[in-house]
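Hello,

Here is the structure for your files. My notes follow below it.

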Amino acid sequence: MDAERDPRRGQVRLPAFAEPAAAGWQAPEADGPALAGRSGKARRVGIRQVRRMSNWTAAALIVGTGATTVALAHHAISVGAPAAAASSSSSGVVTTVTAQGASGPQVSHSVATTSASGVTTTTTSQVVNGKTVVSQVRHAPAYHDN
Amino acid sequence: MLPPTTTTDVLAAVPAPGAASSWRRISTGDDTVAVAERAALGTTARLAVWPPESLSAALGAVDGVLSALDRQASRFREDSEIAWIHRSGGGRFMLSNGFAEAVSVALEAARWTGGLVDPTVGDALISLGYDRDFAAIDPERGGPAGAPVPAPGWQTVRLDGPILSLPAGVRLDLGATAKGLGSDRAARAVMNAAGQAGGVLVSLGGDIAVAGQSPRDGWPILVADGPEDPASSLTQNVRLAGGAVATSSVTCRQWRRAGQVLHHIVDPRTGLPADGPWQTVSVAAATCADANAAATAAVVAGERAQEWLAVAGQPARLVARDGQVRYVGGWPDADGGRVNVSPASHVYRGSRPGVLR
């Protein structure tokens, strides 16, 4: 049980960050000294390559994680503070996920109207004598609720 | 019924296969977004998207949602699910996923508002004369309205997954939540169609939901009090970056019976049109169904509206019958201010708004 609680249990140290290669990295030299010399050199080169790759892999992971964190923070939802005079019910379900307009287009004119059961005000623009004239027109269609 | 006053600046007709009417492109003065609208559900559906190139796919997505919602929840269609249930005279029913969600949202709205909105007001509306598509109601028809019918109460309705238990004689009306639900579904459907790229605003009769990436500083929206006076000082420009905003008002959808002016927002407790101090209430919330329900509840709540909205944590703008404007819960009091909403929904129980057909 104590072993299961050891927080280091199961951790694997990357060779690049460890001491010189441990015994476990070495293969038995079964082909004689000459071959062993060549194979030993090749093995050392291989180990260096593995270490180098491990270093690059670790660096890439660190950089990637950091970039992801920055990106997520940049696109975090803007949630307004709860109303000053209000206490929000705790029974609500978090649902709508909508991003803040950090990189959206610039929109100057109202695109929709909320009013008495949906009367629509349309903002129109037209060029008159070289000047852009913006006007708003109210519609009052018949409505029904479904 | 108020006649249409004029036309929009129609740039091009956009065909919408399967739609009851065609979409019309609207010029709002910004070419960074594409805006179109058409008649739908007896009201006006408006869609704004960016990038503008995504408009075509967005129109198709909205059409699908509106068509499905009409088949599910319209009291005035003989072939709708709700009409089928009413004809059956009570019992247990297996609902489609989409209609089950619509009923669930209506019941949760009733629970949240303490019954200020209640989906069992169907008979109350019929008794008052709202027994057909609003466009077909004779606004000056003689004869008094029927006796008021208080709502039987949302607690009499049981929904267990897709299984609905409805007592005999209880008629549902989802008017306090259905348009908001439609806007939520449509906004989500558009984002799905666009691969979650860009942003969208959907308005169903002024009940507005936004999704995706908003324009800088949020979507510009005009909040208006009533339809009669376009130059009224009781308008306000706000910016909405996320969530939704909806408005309920007693100043429209009016008709007369025996000289008495009636309107469509019914107090479930009395079965009569709400008669409080507020003529128009706009509410911002996490979802449009939340905003729709809260705005209607505030009109019904009357004097208690500001307190209820504050406790519920909903930013709101209330216009009294004497023209005074009140701001609650962080609604900006300046023109062009940004409306911030809490991300918590009260009416989507344990789930996010679906795109259910």
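**Chain A, then chain B**

In chain A, 29% of the contacts between residues at least 6 apart in sequence join residues at least 24 apart. A contact means that two C-beta atoms, placed from the backbone, lie within 7 Å. This is a predicted model: local features need pLDDT of at least 70, side-chain atom pairs count only at pLDDT 80 or more, and totals for chains, interfaces and linings use all residues. Residues are numbered from 1 along each chain as its sequence is written, while chains are lettered from A and ligands numbered from 1 in the order in which they are written.

Chain A has two helices and four strands (DSSP runs numbered from the N terminus: helices H or I, at least four residues; strands E, at least two). Their order along the sequence is α-α-β-β-β-β. Of its 146 residues, 21% are buried (20 or more other C-beta atoms within 10 Å of a residue's own, with C-beta atoms placed from the backbone).

Now chain B. Ala209(B) sits in strand E9 (residues 207-212). Ala209(B) is buried because 35 C-beta neighbours lie inside 10 Å. Its contacts beyond four places in sequence include Ser183(B), Val202(B) and Cys288(B). Gly242(B) is 33 residues away along the chain, with 8.0 Å between the two C-alpha atoms.

Helices H6 (residues 288-301) and H7 (residues 305-312) of chain B also pack together, at about 145 degrees with axes 8 Å apart. Axes are lines fitted to C-alpha atoms over the stretch in contact, and angles run from 0 to 180 degrees between N-to-C directions. Among the residues that meet are Ala294(B) from H6(B) and Trp308(B) from H7(B).

Best wishes

Methods. Buried ≥ 20, exposed ≤ 12 C-beta atoms within 10 Å, placed from the backbone.
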